Amino acid sequence: MAASSSGNRILFPPQMVGVVGLEIHAQIHAASKLFSSSGVRFSAPPNSLVACFDASLPGTLPVLNRRCVEASVMTGLALNCTINRKSLFDRKHYFYADMPAGYQITQQRLPIAVNGSLTYSYLGGRKRNQVVTKNVRIKQIQLEQDSGKSLHDDHRNQTLIDLNRAGVGLMEVVMEADMECGEEAAAAVRELQLILQTLGTCYGNMAEGQLRVDANVSVHRPGEPLGVRTEVKNINSARYVAKAIDYEIQRQMEVLDTGGTILNETRAFDSKSGFMPEPNLPPLFVYESVASVPAGVDPTQVVVIDRLKAILPELPGVKRAQLVEEYGLLPEHSFTLVNEVGLMDYFERVIQKTKAEPRKVIGWVIKELLGNLNQNGLRLTQSPISSEALAELLNILESGHISTSAAKVVFQEMWKLPEKSVKQLVAELDLELISDQEQILQICRRVVDAHPEEVRVIRAGNKKVLNKLMGIVQKETKGRTDPLQVRRILEEMTS
Amino acid sequence: MVWTGVAGTRLHIAAARPVHHRSMLLKPAAHGACIRYAVPPWRRWMSKRDSSKSSFVSKVPQFPTWEPVAENQLPPRTKISPDLVDKLERLALVDFGNQEGVNCLEEAIRFADQLHVVNTDGVEPMDSVLENRALQLRNDEVKESDCVSELLQLAADRVEEYFVSPPGNIPLPKREERLAMLKHSAF
């Protein structure tokens, strides 16, 4: 049984599994559009970023943006694809008001990159702390135009058209149906998002429509032929990816279980191909190295794969491995650090400022800090506790001035009162560890004397009752004693 | 379309109306069927300008050179089924209107069938006349953004800087419904 991302189990009829493929549209981060030189911006006044070509005025022609080609080649390299030295553009015809030309320029016959792979992970297992790593094949990456936006006005029975987005460059990344459920699909999308953001080729903000996911979903019994596919289109929230896909898998299984058949509505539309080569664009050539650029062609005017390989940044997978190696972290910790926006930087800043060991720091960063952020629905940028403040707290803990449990109390106070310094809070809360040995011995003696029954049980062999005595001492001292020290003393006194 | 070429005259292309089937696959139309001059205006000017130069040789043949293509050289006639008419109307949003419109299409296909006579062995199809040119790449700079303010003024219908269009895609009525509609049409 697989668990959906919400934690609820999907109930599968015997042995049926989901089969999920994805088509992801990523808006290329560029100053201008794919084939025209109008600007690209989210939330601009309607129809203010439209060139004559985007409005499909007669006599206008497409001119390809080099930055878009570079972005798709870099993305292809990061996804282990074969870059097609020659690729072609096509027109895909269909009628819709937000696409003035009546066709979309895309790469159907021969796209820029093919046959890649994406390795992704998610935290699975019963306690969700085991890193599960999977692989999905990338069928291809193609360059294509985005369409405009239509706003439906149901009152006046009309549609309002904004062409700002018409012609913006997209990379369509096609992932094969190697995934089984919503959780896997969501993890794959998240990893792609991280890679694109690291490369800078797409900012991947799903809420702003920079990354849109279409899922192809079917169900079958392993070994049997694949079932009928349905499409879940235009998912534009990370949280919804897993939910929408799992819902569709569940729906299909229920239909089949009750003897029904799966209908594919979009298939009927698909059977009209409406493709033809784009006659205004000759083949796109990209070159292996500067040496392979033919004579007479300006090397600065063309896309050279070696040049792009040289400036590829460190990808998330590499970063995770480095964190494990450098700081001795567990894989699930490094996974979380890289997965949460800004958390890795936060962690490294704390490490710089504290003598505490990385393994200790990671516990505080993930359990205390991230835990509290998630509980309060806050992003890391909204954290009341800065990396410097946390480092200070950890230093005070390391130097033995306070106990771990006291530190946790201080942490909560720091959360509520970010303007107060750590030292201030420790003093105010009176949480400094008692350094006077005599005092500690006296308190322990008092507690032991006051609980003769428990002492008898301990002496008889039940060592667990020692914890109860320790708890009493801690309460008496308001957590201002080192637990290890107290345990030693109590053990001696009860031996 | 009918191409006619007669010595020393301008090429005349008939208007693109449904072509009468009799004009295909036959010899060129007889005299009087197209506009022609004894000597076209530009030739008159050229000769006035340089009557001594007789070195100019026109690439236009002096006499028509094509031969009509025999029926047996052509593949079988394509018949357009009602289902295909339906599909074409949906795909291309054209309206064939009535049987004459469909006949017109079938004749147009017949005319194009003449291309089968040409030997294309070893010749790759051409996608673009630019195929021997390098694809020009543009720098990623913002240059032109604002042709639409003009367009918006010309738009028949607009709401606050948005173009207005009918809602969604209006589905084409089914064939039976269309036949009922056409019964009352002008055709």
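**Note on the predicted complex of chains A and B**

1. Between chain B and chain A the count is one salt bridge, the term meaning a side-chain nitrogen of Lys or Arg within 4 Å of a carboxyl oxygen of Asp or Glu. The salt bridge joins A:Arg109 to B:Asp127, and the closest N and O atoms are 3.0 Å apart.

2. This is a predicted model, in which local features need pLDDT of at least 70 and side-chain atom pairs count only at pLDDT 80 or more, while totals for chains, interfaces and linings use all residues. Residues are numbered from 1 along each chain as its sequence is written, chains are lettered from A in the order in which they are written, and side-chain values use heavy atoms, with hydrogens and water left out.

3. The contact (heavy atoms within 4.5 Å) takes 51 residues from chain A and 37 residues from chain B. About 3,700 Å² is buried between the two chains, 58% of it on carbon and sulfur atoms; buried area is the accessible area (1.4 Å probe) that two parts lose on being put together, summed over both. On the chain B side, the most area is lost to chain A by B:Leu135, B:Leu137 and B:Arg138, together 21% of what that side buries. For the complex, the predictor gives an ipTM of 0.78 and a pTM of 0.78.

4. Chain B has a mean pLDDT (the predictor's confidence in each residue, from 0 to 100) of 72, and 60% of its residues reach 70 or more. Helices (H or I, at least four residues) and strands (E, at least two) are DSSP runs, numbered from the N terminus. Over residues 1-35 of chain B, pLDDT stays under 50, and the model has 38 contacts beyond four places in sequence for them.

5. A:Cys81 is in no disulfide either, with the nearest cysteine sulfur, that of A:Cys202, 16 Å away. A:Cys68 is buried (under 20% relative accessible area; exposed is over 50%, partly exposed in between; 1.4 Å probe, protein chains only), at 1%. A:Cys81 is buried at 11%.

6. In an unreviewed entry, UniProt lists residues 345-494 of chain A as "domain: Asn/Gln amidotransferase"; such annotations may be inferred rather than shown by experiment. Over residues 345-494 of chain A, the chain is 71% helix and 0% strand, and the end C-alpha atoms are 48 Å apart.

Technical notes
Disulfide = S-S within 2.5 Å.
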